[in-house]
Every structure is written in C-alpha cells, then in structure tokens.
Amino acid sequence: MLEMKNACQRCHRLLPPISHDAFICSYECTWCRDCAREPLERTCPNCGGELHQRPPRGHEPDRDTTALTRDAIVAQLRQGMLRSAT
Ligand SMILES: [Zn+2]
Ligand SMILES: [Zn+2]
C-alpha cells in the first residue's frame, strides 16, 4: 500500500496529498519544493535517488466500479470452469 507522507522530512512543511509542492524519490522520501530545489539539488539525501514532483492526488477512486469489474472477472472465471467441467 502506497503511504503518502504529508510533510517535508527536512523542514516539516505540510504537504497534503493534493499539494503541488511535494517532491519524492523512488523510496517516497518526501520533500517540499524549496528543499528539493536548492539545498538538496533534486537528489534525495536519504538514498541518493532523483527527486521528482509527486503528482497531486485526485478524488478517491470509485470503489463501486472496481468491485463490479472484479465480480465480472470472477463470473467469467466461473463460466470458464463450468465449461471445462462439462
Ligand atoms: Zn522542506
Ligand atoms: Zn530517498
């Protein structure tokens, strides 16, 4: 599960999921724009990885759609099993 860190690990500035000012490395160390740009020079001090802007989070994914899709897949699998059984 992808955990969103909501503050800069250097200056502790708040970076909510919708923020456009959050920068992360591939290990999701999180930094604000000001720290990522100047003092860190776009390199993570924890792991040496490149820092990239974290895409601002949109609204919650539609869970109902996901459930429907999964049910549809299960139904198809069941049909396939029935067919192979007969
Ligand atoms: Zn910062
Ligand atoms: Zn890192």
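Predicted model: local features only at pLDDT ≥ 70, side-chain atom pairs only at ≥ 80, totals over all residues.
Residues are numbered from 1 along each chain as its sequence is written, while chains are lettered from A and ligands numbered from 1 in the order in which they are written.

Let us begin with the overall layout. The chain has 2 helices and 3 strands, where helices (H or I, at least four residues) and strands (E, at least two) are DSSP runs numbered from the N terminus. Along the sequence these elements follow the pattern β-β-α-β-α. The strands form an open sheet of 3 strands in the order 2-1-3, with antiparallel pairing; two strands pair if DSSP finds at least two bridges between them. Strand 2 and strand 3 (52–53) are at the edges with a single partner strand each, so one side of each has no neighbour in the sheet. Strand 1 and strand 3 run antiparallel and are joined by 2 bridges, and Phe23 stands opposite Gln53 in strand 3.

Phe23 also belongs to the largest nonpolar core, which has 11 residues, among them Trp31, Cys32, Cys44 and Leu51. Such a core is a set of buried Ala, Val, Leu, Ile, Met, Phe, Trp, Tyr and Cys residues joined through C-beta atoms within 7 Å. Strand 1 (22–24) and strand 2 (30–32) each supply at least two residues of this core, and the largest share, 3 residues, comes from strand 1.

Of the 86 residues of the chain, 14% count as buried. A residue is buried if 20 or more other C-beta atoms lie within 10 Å of its own, exposed if 12 or fewer, and partly exposed in between, with C-beta atoms placed from the backbone.

Cys25, another member of the core, touches Cys44, Cys47, Gly49, Glu50 and Leu51, leaving aside residues up to four places away in sequence. Contact here requires C-beta atoms, placed from the backbone, within 7 Å.

Most residues other than glycine have a negative phi. Glu28 and Arg42 have a positive phi instead:

Note on methods: Contact = placed C-beta atoms within 7 Å.
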